Amino acid sequence: MIVGHGLAGAILAQTFAKHGINVHVVEANLPHHASPIAAGLVNPLIGPKLNPPFDLEKCLQEIHRLNDFFSRKFGESFYENLSLHRIFRNQEQANIWKSNPSKISHFYEKVEIVDSKETTMKAPFGIGITKCLRLRIQSFLEFSKHSLIESDHWIQGSHNYDTQGYDFIIFCEGFRSAQNPWFSYLPFAPVRGEILEIQKKLLFAASNGTWAIPQSSTSFLAGSTWDHSGLEKGPTSEGKKKILNDLDFLNLNSVEVLSHLSGVRNGTLDRNPIIGPHPENQKIFIFNGFGSRGSTTIPLYAMKLVEFILGKSPLPEHLNPNRFES
Ligand SMILES: Cc1cc2nc3c(=O)[nH]c(=O)nc-3n(C[C@H](O)[C@H](O)[C@H](O)COP(=O)(O)OP(=O)(O)OC[C@H]3O[C@@H](n4cnc5c(N)ncnc54)[C@H](O)[C@@H]3O)c2cc1C
């Protein structure tokens with residue numbers, strides 16, 4: 001039994017299916033969750049130093065395997081290739097790009113810096129182009145839900161933490177882990193984020209830390225913000241203002257905001273997900289804490305959890321719920 005059909009619960013359920021195992025999923029459609037609004041970017045170079053995230057190569061390998069499985073099962077592939085224009089914030093970022101360290105060079109589409117005079121964007125330090133992926137999360141969640149309904153493995157409603165009747169229960173509740181009697185002791189670090197859909201055609205994705213990605217032929221998505229307080233307060237005028245200000249590199253004259261949404265990412269104190277059994281009950285698991293990078297990391301960690309439950313391999317220590325005990 002999987003509790004929660006956000007991105008974590010859905011990818012985990014489909015990874016079990018890939019191994020020929022059908023699991024039940026219970027989902028309550030609770031408000032303020034991340035997956036229904038998230039943009040799904042898989043960005044290979046992150047942070048001010050443009051570093052590749054930990055385990056990126058393995059994450060990408062697993063994404064490709066899972067995407068092949070989706071194509072066979074659903075007739076759709078939900079991860080799409082995208083080129084991202086990286087607007088350098090300062091000369092240091094431009095220098096990192098120019099020096100092109102071999103460990104990340106294969107992510108660059110255009111190694112030389114694009115002259116900002118060649119574009120309509122404001123980019124005094126230049127622009128580099130990198131390969132990335134985008135997971136169409138909301139579409140994937142719909143397909144996953146329908147396949148579970150069709151095979152009679154979908155339960156609509158809120159799980160009440162009764163653990164009887166199933167071999168294993170895996171909690172994938174996003175930030176509602178704070179209310180889970182088994183796992184609320186863990187040091188999760190939830191952060192609220194906002195996202196806008198703006199009416200304007202955008203020909204390519206761009207980011208200077210704040211990103212803008214084409215959503216339809218007439219609109220694009222932009223985000224996001226970081227707010228550790230008031231997790232359930234929903235979209236705010238300050239959040240909207242911040243995103244619009246940060247988009248100044250696009251030189252937008254006027255904007256029409258088509259939608260404005262807010263959701264909570266559930267991160268952890270040490271920024272690694274928390275995955276594994278409860279220390280006192282080996283039938284009860286947690287699969288959570290994917291922060292702002294669920295589209296990149298969940299396929300790899302879902303595969304690791306399934307292999308652990310099937311007795312094929314141990315779970316990596318850096319994911320263990322016990323790691324916080326002193
Ligand atoms: C604004 C924003 C932008 C983002 N952009 C990106 C991005 O570009 N790329 C990226 O990789 N990540 C992004 N993220 C992060 C990403 O969305 C998350 O890592 C991922 O969605 C987490 O999924 P989850 O399933 O763990 O949690 P959630 O999405 O929170 O899902 C948990 C689910 O569990 C259900 N649930 C909870 N408790 C119960 C219960 N007791 N019974 C039944 N159901 C229950 C809820 O209804 C919910 O559906 C973004 C997040 C935000 C907020």
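Mentor: The term denotes a side-chain nitrogen of Lys or Arg within 4 Å of a carboxyl oxygen of Asp or Glu. This is a predicted model, in which local features need pLDDT of at least 70 and side-chain atom pairs count only at pLDDT 80 or more, while totals for chains, interfaces and linings use all residues. Residues are numbered from 1 along each chain as its sequence is written, and side-chain values use heavy atoms, with hydrogens and water left out.

Trainee: Where in the chain do Asp227 and Arg192 lie?

Mentor: Asp227 is in the loop between β12 (219-223) and α5 (237-246), and Arg192 is in strand β9 (residues 188-199); the pair links distant parts of the chain, 35 residues apart. Helices (H or I, at least four residues) and strands (E, at least two) are DSSP runs, numbered from the N terminus.

Trainee: Are Asp227 and Arg192 buried or exposed?

Mentor: Buried means under 20% relative accessible area, exposed means over 50%, and partly exposed lies in between (1.4 Å probe, protein chains only). Both Asp227 and Arg192 are buried. Asp227 counts as buried because its relative accessibility is 16%. Asp227 also forms a salt bridge with Lys233, with the closest N and O atoms 3.4 Å apart; Lys233 is partly exposed, at a relative accessible area of 45%.

Trainee: Which other salt bridge links separate parts of the chain?

Mentor: Consider Arg323 and Asp270, whose side chains meet at 2.6 Å, N to O. Arg323 lies in the segment after α6 and Asp270 in the loop between β13 (257-268) and β14 (274-278), so the pair ties together parts that are 53 residues apart in sequence. Arg323 is partly exposed, with a relative accessible area of 22%, and Asp270 is partly exposed at 33%. As for shared partners, salt bridges join Arg192, Glu194, Asp227 and Lys233 into one network. By this rule the count comes to 13 salt bridges.

Trainee: How is the chain divided into domains?

Mentor: Domain bounds come from an automatic or database domain assignment. Here, domain 1 covers 2-40 + 136-187 + 270-324, and domain 2 covers 189-265. Their centres, taken over C-alpha atoms, are separated by 27 Å.

Trainee: What does the interface between domain 1 and domain 2 bury?

Mentor: Buried area is the accessible area (1.4 Å probe) that two parts lose on being put together, summed over both. Domain 1 and domain 2 bury about 1000 Å² between them, 69% of it on carbon and sulfur atoms. Of the area that domain 1 buries against domain 2, His32, Ile37 and Phe175 supply 57%, more than any other three residues. Between the two domains the count is 1 salt bridge.
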